[in-house]
Amino acid sequence: MLHTRFIGTGHYLPKTVLTNFDLEKIMDTSDEWIRQRTGIHQRHVAAEDEATSDLGLEAARNAISDAGIAPEEIEYVMCATLTPDYFMPATACMIQQKLGAKRAAALDINAACSGFLYGVQLADALIRSGAYKTILLVAAEKLTVRLDWRKRDTAVLFGDGAGAVVLRGEEGEHGVLSTFASADGSAYQMLHIPSGGSREAITPDNINDVERGIMMDGQALYKRAVKAFGEATERALQQTQLTSENIKLFVPHQANKRIIDSATSRLGIPDEKIYLNLDRVANTSAASIPIALDQARKEGRIVDNDIVLMAAFGAGLTWASAMVRW
Ligand code: UT7
């Protein structure tokens, strides 16, 4: 049977690290508050001249070298991001060009923090349909350009980074076992960036008044996140007829340790089966899961034949899951 296999993973984190203690110096917050409410200790921040595609390119190079393939073998480059280099063209085109993936089509996916898993679902369908064999899925974010450093309620939560996977259709039992994606646009205002798009353009007259940063109703979102994680993970278990016992590692979107804890305690997934890196990288939106996936693999937490569950929740609202036999 044809399955979509993860044949390579990679990630990239920009060099500069901003700790909670660094943030204490520039806003009214504390390391204690951030750690207790979120589990975050630090985040990486991209340099001024480092754009989203530069982060994505490094992650992609690492994933391609891990897969042991040449860039010319890639038929499709997808990039999940909410912080593209430009509105036009797609960041995936920037990565395609820099990689030398000359044969590849290129497309951006904007499903915010669920973008990587939306991408897995799309790539899996394209591969299993026979349309493409090898797809590079990158997820990259330079979220710090969309933060208002005067706003402690959002500024402490996010970081920059990128992750990438090479997906290939292969006969056998290994690969994507289930995918699920859902959305509720009626709650879009819970997490959005009001200005800079076509709804509220930034003009010389309003530039000092508009909200260019991420706006969030944290508490309302928190409740929706716990519910959505529950639905996404249950759907993965239903579709695969597996139980939480079968799962070797759960790799969740890393937004808040408390959200992950409440979702996993409902599912009965013990702590040792959960991969967490939000203490080190904070919330990197779409890039969150593929960064964690690559780190988990390199640490030996995922080996051949392991069942890996991934679930995400984010702006849109969107939520999604995927189950994979490695
Ligand atoms: O990846 C996309 C999905 N994102 C999410 O799912 C995020 C979901 N929400 C959350 O993770 C949490 O709601 C937050 C971490 C954002 C906030 O935690 P909370 O426990 O819901 O705190 P809160 O918003 O209710 O704020 C509690 C208090 C407030 O003070 P008062 O009104 O009680 O005096 C805030 O002003 O904490 C204050 N506060 C802060 N204090 C120190 C808010 N931000 C900060 C801060 N440092 N950075």
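Predicted model: local features only at pLDDT ≥ 70, side-chain atom pairs only at ≥ 80, totals over all residues.

Visitor: How many residues surround the ligand, and which are the closest?

Guide: The ligand is surrounded by 23 residues. The closest are Thr29, Arg37, Gln219, Asn256 and Asn283.

Visitor: How do those 23 divide into nonpolar, polar and charged?

Guide: The shell around the ligand holds 12 nonpolar residues, seven polar ones and four charged ones.

Visitor: Which elements give two or more residues to the shell around the ligand?

Guide: Those elements are α2 (31-38), α6 (152-155), α7 (218-240) and α8 (257-267). The largest share comes from α7, which gives five residues.

Visitor: Why does the ligand lie between domain 1 and domain 2?

Guide: Residues of the shell come from both domain 1 (2-173) and domain 2 (177-325), so the ligand lies between them.

Visitor: What lies 2.6 Å from a nitrogen atom of the ligand?

Guide: That is a polar side-chain atom of threonine 29. Arginine 258 has a side-chain N or O atom 3.0 Å from an oxygen atom of the ligand.

Visitor: How much of the ligand does the protein bury?

Guide: The ligand taken alone exposes 960 Å², and the protein buries 73% of that.

Visitor: Let us change topic. Which residue does a cis peptide bond join to glycine 316?

Guide: The residue is leucine 317, and omega for this bond is about -10°. Leucine 317 belongs to the loop between β12 (307-314) and β13 (318-325). The peptide bond from methionine 88 to proline 89 is also cis, with omega near 0°. Proline 89 is placed in the loop between β4 (76-80) and α4 (91-99). Most peptide bonds are trans.

Visitor: And what is phi of glutamine 241?

Guide: Phi there is near 60°, a positive value in a residue other than glycine. Most residues other than glycine have a negative phi.

Visitor: Where is glutamine 241 found?

Guide: Glutamine 241 lies in the loop between α7 and β11 (249-252).

Note on methods
Residues numbered from 1 in each chain as written. Heavy atoms only, no water. Near = heavy atom within 4 Å. Polar contact = N/O pair within 3.5 Å; in protein donor to acceptor, adjacent residues only side chain to side chain. Areas by Shrake-Rupley, 256 points an atom, 1.4 Å probe, with all protein chains shown as cover. Helix = DSSP H or I, 4+ residues; strand = E, 2+ residues; numbered from the N terminus. Nonpolar A, V, L, I, M, F, W, Y, C, P; charged D, E, K, R; others polar. Domains from an automatic or database assignment.
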